[in-house]
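Dear colleague,

I am handing over the structure below for your attention. Please look it over before reading the notes that follow it.

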Amino acid sequence: MKLRIDSNPEKRLCIFIAAVVFCVFLTNIAAGLSQITGIRSSLITTMLKAVLGLMFILRLNILVKRFDKHLLIFAGCSLIVIMLNYAVFPRNNEYFINTVITFVSFCMTTYIVCYTIEDYELLKVELVRVSQIIAFIMLFFLIGVFSGRISSFNEGRYSMGLGYSCVIPAIILSLELVQRKRIINIIGIASLTIAIITFGSRGPLIELILFIAYFFIRYLIQQKKYLQSIIVVVFVIALLFTYKDILTSFALFLQSRGMRSRVIRTLTTETFYLSGRDSLYQQLIPYIKENPFAIRGINAEWNVIGVYAHNFVIELLYQLGIVVGGSIILLVIVRIVKTLLVKELNNTEIMCIVFAFASIPQLLVSGSLWTHYIFWMWMAMCSKHLPGYQKQMDQIETD
(Lines give C-alpha, C1' and ligand atoms only; values in the text may rest on other atoms or scores of the structure.)
Protein backbone atom coordinates (compact mmCIF):
# COMPACT_ATOMS: atom_id res chain seq x y z
CA MET A 1 0.00 0.00 0.00
CA LYS A 2 1.39 3.38 -1.01
CA LEU A 3 1.35 6.04 1.68
CA ARG A 4 1.15 9.69 0.76
CA ILE A 5 2.55 12.32 3.10
CA ASP A 6 -0.32 14.68 2.34
CA SER A 7 -3.10 12.13 2.88
CA ASN A 8 -3.50 13.30 6.48
CA PRO A 9 -4.89 16.88 6.59
CA GLU A 10 -3.67 17.39 10.16
CA LYS A 11 -0.16 16.32 9.25
CA ARG A 12 -0.10 18.65 6.25
CA LEU A 13 -0.91 21.63 8.49
CA CYS A 14 1.73 20.64 11.05
CA ILE A 15 4.34 20.17 8.34
CA PHE A 16 3.63 23.70 7.10
CA ILE A 17 4.43 25.21 10.53
CA ALA A 18 7.59 23.08 10.76
CA ALA A 19 8.55 24.21 7.24
CA VAL A 20 8.19 27.86 8.24
CA VAL A 21 10.59 27.33 11.17
CA PHE A 22 13.04 25.52 8.88
CA CYS A 23 12.87 28.09 6.07
CA VAL A 24 13.43 31.00 8.46
CA PHE A 25 16.53 29.19 9.74
CA LEU A 26 17.79 28.54 6.20
CA THR A 27 17.21 32.19 5.28
CA ASN A 28 19.38 33.40 8.15
CA ILE A 29 22.21 30.91 7.80
CA ALA A 30 22.31 31.50 4.02
CA ALA A 31 22.57 35.26 4.61
CA GLY A 32 25.61 34.72 6.82
CA LEU A 33 27.30 32.49 4.23
CA SER A 34 26.53 34.53 1.11
CA GLN A 35 30.09 35.93 0.98
CA ILE A 36 31.50 32.39 0.93
CA THR A 37 28.96 30.68 -1.34
CA GLY A 38 28.59 33.61 -3.73
CA ILE A 39 24.81 33.10 -3.71
CA ARG A 40 22.80 36.22 -2.94
CA SER A 41 20.77 35.75 0.22
CA SER A 42 17.87 37.68 -1.35
CA LEU A 43 17.58 34.97 -4.01
CA ILE A 44 17.41 32.20 -1.41
CA THR A 45 14.89 34.18 0.63
CA THR A 46 12.67 34.66 -2.43
CA MET A 47 12.85 30.96 -3.30
CA LEU A 48 11.98 29.88 0.25
CA LYS A 49 9.05 32.31 0.38
CA ALA A 50 7.81 30.86 -2.91
CA VAL A 51 8.02 27.34 -1.48
CA LEU A 52 6.08 28.34 1.63
CA GLY A 53 3.52 30.20 -0.48
CA LEU A 54 2.96 27.12 -2.62
CA MET A 55 2.65 24.92 0.48
CA PHE A 56 0.02 27.29 1.89
CA ILE A 57 -1.96 27.30 -1.37
CA LEU A 58 -1.92 23.48 -1.45
CA ARG A 59 -3.52 23.51 2.00
CA LEU A 60 -6.27 25.99 1.21
CA ASN A 61 -8.84 23.22 0.77
CA ILE A 62 -8.26 22.15 4.39
CA LEU A 63 -8.26 25.71 5.72
CA VAL A 64 -11.48 26.65 3.92
CA LYS A 65 -13.28 23.67 5.48
CA ARG A 66 -12.09 24.70 8.96
CA PHE A 67 -12.65 28.43 8.57
CA ASP A 68 -14.92 29.62 11.40
CA LYS A 69 -16.30 32.91 12.70
CA HIS A 70 -13.14 33.73 14.61
CA LEU A 71 -10.92 33.44 11.53
CA LEU A 72 -13.45 35.42 9.50
CA ILE A 73 -13.32 38.21 12.09
CA PHE A 74 -9.50 38.05 12.24
CA ALA A 75 -9.13 38.23 8.45
CA GLY A 76 -11.77 40.95 8.13
CA CYS A 77 -10.26 43.12 10.88
CA SER A 78 -6.77 42.67 9.43
CA LEU A 79 -8.00 43.81 6.01
CA ILE A 80 -9.79 46.83 7.48
CA VAL A 81 -6.73 47.87 9.51
CA ILE A 82 -4.47 47.55 6.47
CA MET A 83 -6.76 49.63 4.24
CA LEU A 84 -7.35 52.31 6.90
CA ASN A 85 -3.67 52.61 7.74
CA TYR A 86 -2.77 52.92 4.05
CA ALA A 87 -5.45 55.53 3.35
CA VAL A 88 -5.35 57.60 6.55
CA PHE A 89 -1.59 57.61 7.19
CA PRO A 90 0.06 57.91 3.74
CA ARG A 91 3.21 59.28 5.38
CA ASN A 92 3.88 55.81 6.80
CA ASN A 93 3.34 53.91 3.55
CA GLU A 94 7.01 53.89 2.59
CA TYR A 95 7.59 51.52 5.52
CA PHE A 96 4.07 50.15 5.93
CA ILE A 97 4.00 48.34 2.57
CA ASN A 98 6.90 46.09 3.59
CA THR A 99 5.22 45.44 6.93
CA VAL A 100 1.99 44.44 5.18
CA ILE A 101 3.84 42.04 2.87
CA THR A 102 5.51 40.32 5.84
CA PHE A 103 2.32 40.31 7.92
CA VAL A 104 0.16 38.80 5.18
CA SER A 105 2.74 36.27 3.93
CA PHE A 106 4.04 35.09 7.31
CA CYS A 107 1.91 36.27 10.24
CA MET A 108 -1.59 35.79 8.80
CA THR A 109 -0.78 32.45 7.20
CA THR A 110 0.82 30.97 10.33
CA TYR A 111 -1.99 32.38 12.50
CA ILE A 112 -4.65 30.73 10.34
CA VAL A 113 -2.81 27.40 10.13
CA CYS A 114 -1.99 27.32 13.87
CA TYR A 115 -5.59 28.12 14.71
CA THR A 116 -6.97 25.34 12.50
CA ILE A 117 -4.59 22.66 13.83
CA GLU A 118 -6.39 20.27 16.16
CA ASP A 119 -3.65 17.74 16.97
CA TYR A 120 -0.86 19.58 18.78
CA GLU A 121 0.86 16.34 19.67
CA LEU A 122 1.45 15.85 15.95
CA LEU A 123 2.68 19.45 15.68
CA LYS A 124 5.20 18.74 18.44
CA VAL A 125 6.38 15.61 16.60
CA GLU A 126 6.97 17.58 13.40
CA LEU A 127 8.74 20.37 15.28
CA VAL A 128 10.99 17.84 17.02
CA ARG A 129 11.91 16.38 13.66
CA VAL A 130 12.75 19.71 12.05
CA SER A 131 14.55 20.87 15.22
CA GLN A 132 16.86 17.86 15.05
CA ILE A 133 17.62 18.62 11.40
CA ILE A 134 18.40 22.26 12.21
CA ALA A 135 20.56 21.22 15.18
CA PHE A 136 22.69 18.87 13.09
CA ILE A 137 23.09 21.44 10.34
CA MET A 138 24.41 23.77 13.05
CA LEU A 139 26.66 21.01 14.44
CA PHE A 140 28.37 20.45 11.09
CA PHE A 141 28.54 24.20 10.56
CA LEU A 142 30.22 24.69 13.96
CA ILE A 143 32.71 21.92 13.18
CA GLY A 144 33.53 23.68 9.91
CA VAL A 145 34.03 27.04 11.64
CA PHE A 146 36.09 25.75 14.59
CA SER A 147 38.25 23.60 12.31
CA GLY A 148 38.93 26.56 10.02
CA ARG A 149 37.26 25.01 6.96
CA ILE A 150 34.70 27.83 7.02
CA SER A 151 36.69 31.05 7.22
CA SER A 152 33.98 33.38 8.50
CA PHE A 153 30.26 33.82 9.04
CA ASN A 154 28.33 37.02 8.30
CA GLU A 155 31.66 38.81 7.66
CA GLY A 156 32.56 38.49 11.33
CA ARG A 157 29.43 40.30 12.57
CA TYR A 158 26.84 38.79 14.88
CA SER A 159 23.55 37.54 13.40
CA MET A 160 20.50 38.31 15.50
CA GLY A 161 18.29 36.52 12.96
CA LEU A 162 20.27 33.29 13.14
CA GLY A 163 20.18 33.36 16.92
CA TYR A 164 16.41 33.78 17.09
CA SER A 165 15.85 31.15 14.40
CA CYS A 166 17.59 28.66 16.70
CA VAL A 167 15.38 29.42 19.73
CA ILE A 168 12.35 27.25 18.88
CA PRO A 169 14.53 24.23 17.91
CA ALA A 170 16.54 24.61 21.14
CA ILE A 171 13.37 24.88 23.27
CA ILE A 172 11.69 21.95 21.50
CA LEU A 173 14.74 19.71 21.96
CA SER A 174 15.01 20.67 25.64
CA LEU A 175 11.39 19.52 26.05
CA GLU A 176 12.13 16.33 24.14
CA LEU A 177 15.14 15.67 26.37
CA VAL A 178 12.88 15.67 29.44
CA GLN A 179 10.76 12.90 27.91
CA ARG A 180 13.45 11.04 25.98
CA LYS A 181 16.98 11.27 27.34
CA ARG A 182 18.65 10.53 24.01
CA ILE A 183 22.13 11.57 22.93
CA ILE A 184 20.71 13.13 19.75
CA ASN A 185 18.78 15.67 21.85
CA ILE A 186 21.76 16.47 24.08
CA ILE A 187 24.01 17.06 21.07
CA GLY A 188 21.29 19.12 19.39
CA ILE A 189 20.75 21.43 22.39
CA ALA A 190 24.51 21.87 22.84
CA SER A 191 25.01 22.71 19.15
CA LEU A 192 22.20 25.27 19.07
CA THR A 193 23.25 26.90 22.35
CA ILE A 194 26.88 27.21 21.24
CA ALA A 195 25.70 28.64 17.90
CA ILE A 196 23.56 31.25 19.67
CA ILE A 197 26.46 32.27 21.94
CA THR A 198 28.99 32.32 19.11
CA PHE A 199 27.05 33.93 16.27
CA GLY A 200 23.83 35.29 17.78
CA SER A 201 22.82 37.99 20.23
CA ARG A 202 21.79 38.01 23.88
CA GLY A 203 18.04 37.89 23.25
CA PRO A 204 17.81 34.29 21.99
CA LEU A 205 20.01 33.03 24.84
CA ILE A 206 17.85 34.83 27.41
CA GLU A 207 14.66 33.37 25.88
CA LEU A 208 16.11 29.86 26.09
CA ILE A 209 17.27 30.29 29.69
CA LEU A 210 13.93 31.79 30.78
CA PHE A 211 12.00 28.91 29.21
CA ILE A 212 14.16 26.19 30.72
CA ALA A 213 14.06 27.82 34.17
CA TYR A 214 10.27 28.28 34.06
CA PHE A 215 9.41 24.89 32.65
CA PHE A 216 11.87 22.85 34.69
CA ILE A 217 11.01 24.42 38.06
CA ARG A 218 7.29 24.16 37.30
CA TYR A 219 7.66 20.51 36.28
CA LEU A 220 9.54 19.64 39.46
CA ILE A 221 6.99 21.41 41.67
CA GLN A 222 4.10 19.62 39.98
CA GLN A 223 5.89 16.32 40.52
CA LYS A 224 6.31 17.35 44.18
CA LYS A 225 10.07 17.14 43.83
CA TYR A 226 10.69 20.10 46.07
CA LEU A 227 14.29 19.25 46.92
CA GLN A 228 15.21 19.11 43.24
CA SER A 229 13.40 22.44 42.74
CA ILE A 230 15.52 24.05 45.45
CA ILE A 231 18.68 22.61 43.87
CA VAL A 232 17.74 24.09 40.49
CA VAL A 233 17.07 27.52 42.04
CA VAL A 234 20.41 27.38 43.89
CA PHE A 235 22.15 26.36 40.67
CA VAL A 236 20.61 29.28 38.77
CA ILE A 237 21.65 31.70 41.52
CA ALA A 238 25.18 30.27 41.52
CA LEU A 239 25.26 30.61 37.73
CA LEU A 240 24.38 34.30 38.02
CA PHE A 241 27.49 34.81 40.16
CA THR A 242 29.86 32.74 38.00
CA TYR A 243 28.60 33.11 34.43
CA LYS A 244 31.06 35.89 33.60
CA ASP A 245 34.05 33.66 34.40
CA ILE A 246 32.58 30.79 32.38
CA LEU A 247 31.82 33.00 29.38
CA THR A 248 35.21 34.70 29.58
CA SER A 249 36.91 31.31 29.35
CA PHE A 250 34.79 30.45 26.32
CA ALA A 251 35.61 33.85 24.79
CA LEU A 252 39.33 33.08 25.10
CA PHE A 253 38.73 29.79 23.28
CA LEU A 254 36.92 31.61 20.47
CA GLN A 255 39.68 34.20 20.21
CA SER A 256 42.20 31.41 19.80
CA ARG A 257 40.17 30.43 16.72
CA GLY A 258 40.06 34.00 15.44
CA MET A 259 36.42 34.64 16.46
CA ARG A 260 34.72 37.07 18.80
CA SER A 261 31.27 36.69 20.38
CA ARG A 262 29.08 39.74 20.82
CA VAL A 263 26.88 37.77 23.22
CA ILE A 264 29.81 37.12 25.56
CA ARG A 265 31.12 40.67 25.29
CA THR A 266 27.77 42.23 26.22
CA LEU A 267 26.92 39.68 28.92
CA THR A 268 30.27 40.12 30.66
CA THR A 269 30.08 43.93 30.83
CA GLU A 270 29.47 45.36 34.27
CA THR A 271 26.39 47.35 33.26
CA PHE A 272 23.17 46.40 31.51
CA TYR A 273 23.78 47.29 27.88
CA LEU A 274 20.81 48.20 25.67
CA SER A 275 22.80 48.61 22.44
CA GLY A 276 21.37 52.09 21.85
CA ARG A 277 17.74 51.04 22.38
CA ASP A 278 17.40 53.40 25.34
CA SER A 279 18.05 56.37 23.04
CA LEU A 280 15.21 55.18 20.78
CA TYR A 281 12.87 54.93 23.76
CA GLN A 282 13.89 58.40 24.95
CA GLN A 283 12.96 59.87 21.57
CA LEU A 284 9.49 58.25 21.43
CA ILE A 285 8.32 58.45 25.06
CA PRO A 286 8.09 62.31 25.12
CA TYR A 287 5.74 62.17 22.10
CA ILE A 288 3.56 59.61 23.91
CA LYS A 289 3.44 61.76 27.06
CA GLU A 290 2.70 64.91 25.09
CA ASN A 291 -0.27 63.40 23.24
CA PRO A 292 -1.14 59.98 24.70
CA PHE A 293 -4.41 59.61 22.76
CA ALA A 294 -2.97 60.32 19.31
CA ILE A 295 -3.24 57.57 16.71
CA ARG A 296 -0.27 57.94 14.38
CA GLY A 297 -0.59 54.69 12.44
CA ILE A 298 1.45 51.50 12.11
CA ASN A 299 5.15 52.15 11.39
CA ALA A 300 4.76 55.82 12.40
CA GLU A 301 7.89 55.67 14.60
CA TRP A 302 10.01 55.14 11.47
CA ASN A 303 9.39 58.79 10.55
CA VAL A 304 10.95 59.86 13.85
CA ILE A 305 13.76 57.38 14.58
CA GLY A 306 14.23 55.71 11.18
CA VAL A 307 13.70 52.20 12.58
CA TYR A 308 11.14 50.19 14.57
CA ALA A 309 10.69 50.96 18.27
CA HIS A 310 12.47 47.82 19.62
CA ASN A 311 9.76 47.41 22.29
CA PHE A 312 6.20 46.37 21.51
CA VAL A 313 4.71 48.38 24.40
CA ILE A 314 6.28 51.65 23.21
CA GLU A 315 5.50 50.64 19.62
CA LEU A 316 1.77 50.22 20.28
CA LEU A 317 1.45 53.31 22.50
CA TYR A 318 3.17 55.52 19.92
CA GLN A 319 1.38 54.08 16.90
CA LEU A 320 -2.13 53.60 18.26
CA GLY A 321 -2.34 55.74 21.39
CA ILE A 322 -3.13 54.87 24.96
CA VAL A 323 -6.72 53.73 24.28
CA VAL A 324 -6.31 51.39 21.29
CA GLY A 325 -2.66 50.55 21.89
CA GLY A 326 -3.19 50.20 25.64
CA SER A 327 -6.11 47.81 25.06
CA ILE A 328 -3.94 45.56 22.87
CA ILE A 329 -1.14 45.65 25.48
CA LEU A 330 -3.63 44.69 28.19
CA LEU A 331 -4.88 41.80 26.05
CA VAL A 332 -1.31 40.56 25.54
CA ILE A 333 -0.56 40.82 29.29
CA VAL A 334 -3.70 38.87 30.18
CA ARG A 335 -2.77 36.15 27.70
CA ILE A 336 0.80 36.00 29.03
CA VAL A 337 -0.52 35.46 32.57
CA LYS A 338 -3.01 32.82 31.41
CA THR A 339 -0.28 31.06 29.43
CA LEU A 340 2.12 30.93 32.38
CA LEU A 341 -0.57 29.82 34.84
CA VAL A 342 -2.17 26.99 32.84
CA LYS A 343 -2.92 24.13 35.21
CA GLU A 344 -2.32 21.09 33.01
CA LEU A 345 0.61 20.73 30.65
CA ASN A 346 -0.81 18.79 27.72
CA ASN A 347 0.65 19.21 24.24
CA THR A 348 -1.58 22.20 23.47
CA GLU A 349 -0.54 24.14 26.57
CA ILE A 350 3.13 23.20 26.07
CA MET A 351 3.12 24.51 22.50
CA CYS A 352 1.44 27.69 23.71
CA ILE A 353 4.19 28.19 26.31
CA VAL A 354 6.90 27.47 23.72
CA PHE A 355 5.60 30.13 21.33
CA ALA A 356 5.17 32.64 24.17
CA PHE A 357 8.77 32.30 25.34
CA ALA A 358 10.02 32.39 21.73
CA SER A 359 8.28 35.71 21.02
CA ILE A 360 7.39 37.92 23.99
CA PRO A 361 10.92 38.38 25.45
CA GLN A 362 12.21 39.31 22.00
CA LEU A 363 9.42 41.83 21.41
CA LEU A 364 10.43 43.65 24.59
CA VAL A 365 13.84 44.50 23.12
CA SER A 366 13.71 43.82 19.38
CA GLY A 367 11.46 43.14 16.42
CA SER A 368 8.01 44.46 15.59
CA LEU A 369 4.74 42.96 16.76
CA TRP A 370 3.35 43.31 13.22
CA THR A 371 6.04 41.14 11.61
CA HIS A 372 6.78 38.54 14.30
CA TYR A 373 5.18 35.32 13.04
CA ILE A 374 5.84 33.36 16.25
CA PHE A 375 3.91 35.96 18.25
CA TRP A 376 0.94 35.51 15.95
CA MET A 377 1.12 31.72 16.22
CA TRP A 378 0.99 32.15 20.00
CA MET A 379 -1.95 34.54 19.67
CA ALA A 380 -3.80 31.99 17.52
CA MET A 381 -3.34 29.28 20.12
CA CYS A 382 -4.38 31.65 22.91
CA SER A 383 -7.55 32.56 21.00
CA LYS A 384 -8.53 28.93 20.65
CA HIS A 385 -7.24 27.10 23.69
CA LEU A 386 -6.69 29.35 26.70
CA PRO A 387 -9.28 29.26 29.53
CA GLY A 388 -12.44 31.14 28.62
CA TYR A 389 -12.24 30.53 24.86
CA GLN A 390 -14.76 27.70 24.67
CA LYS A 391 -17.25 29.69 26.74
CA GLN A 392 -16.90 32.61 24.34
CA MET A 393 -17.37 30.35 21.30
CA ASP A 394 -20.46 28.73 22.84
CA GLN A 395 -21.91 32.21 23.43
CA ILE A 396 -21.25 33.16 19.78
CA GLU A 397 -22.99 30.01 18.57
CA THR A 398 -25.93 30.68 20.89
CA ASP A 399 -26.30 34.26 19.63
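The notes below concern a pocket, the salt bridges and a surface patch.

Please bear in mind that this is a predicted model.

The pocket. The second largest pocket has a volume of about 960 Å³. Its lining comprises 28 residues, and those nearest the centre are Val24, Asn28, Thr102, Thr371 and Tyr373. Several helices supply at least two lining residues each, among them H1 (9-37), H7 (160-165) and H18 (373-385). The most is given by H5, with five residues.

The salt bridges. The count comes to three salt bridges. In one of them, the side chains of Glu10 and Arg66 meet at 2.8 Å, N to O. This pair links distant parts of the chain, with Glu10 in helix H1 and Arg66 in helix H3 (residues 60-66), 56 residues apart. Glu10 is buried, at a relative accessible area of 9%, whereas Arg66 is partly exposed, at 23%.

Another salt bridge joins Lys124 and Glu176, whose closest N and O atoms are 3.3 Å apart. Lys124 lies in helix H6 (residues 120-146) and Glu176 in helix H8 (residues 167-179), 52 residues apart. Both residues are buried.

Arg129 and Glu126 also form a salt bridge, with a closest N to O distance of 3.5 Å. Both lie in helix H6, three residues apart, or about one turn of the helix.

The surface patch. Leu79, Ile80, Met83, Leu84 and Val88 make a nonpolar surface patch of about 480 Å². Of these residues, Leu84 lies in helix H4 (residues 69-88).

With kind regards

Terms used. Residues numbered from 1 in each chain as written. Predicted model: local features only at pLDDT ≥ 70, side-chain atom pairs only at ≥ 80, totals over all residues. Heavy atoms only, no water. 1 Å grid on protein atoms, 1.4 Å probe; cavity = no way out; pocket = protein on both sides within 12 Å on 5 of 7 lines; lining within 4 Å. Points joined across faces, edges and corners; volume = space filled by probe spheres on them. Helix = DSSP H or I, 4+ residues; strand = E, 2+ residues; numbered from the N terminus. Patch = residues over 30% accessible without salt bridge, like charges linked within 9 Å, V, L, I, M, F, W, Y side chains within 5 Å. Areas by Shrake-Rupley, 256 points an atom, 1.4 Å probe, with all protein chains shown as cover. Salt bridge = Lys/Arg side-chain N within 4 Å of Asp/Glu carboxyl O. Buried < 20%, exposed > 50% of the residue type's maximum accessible area, 1.4 Å probe, protein only.
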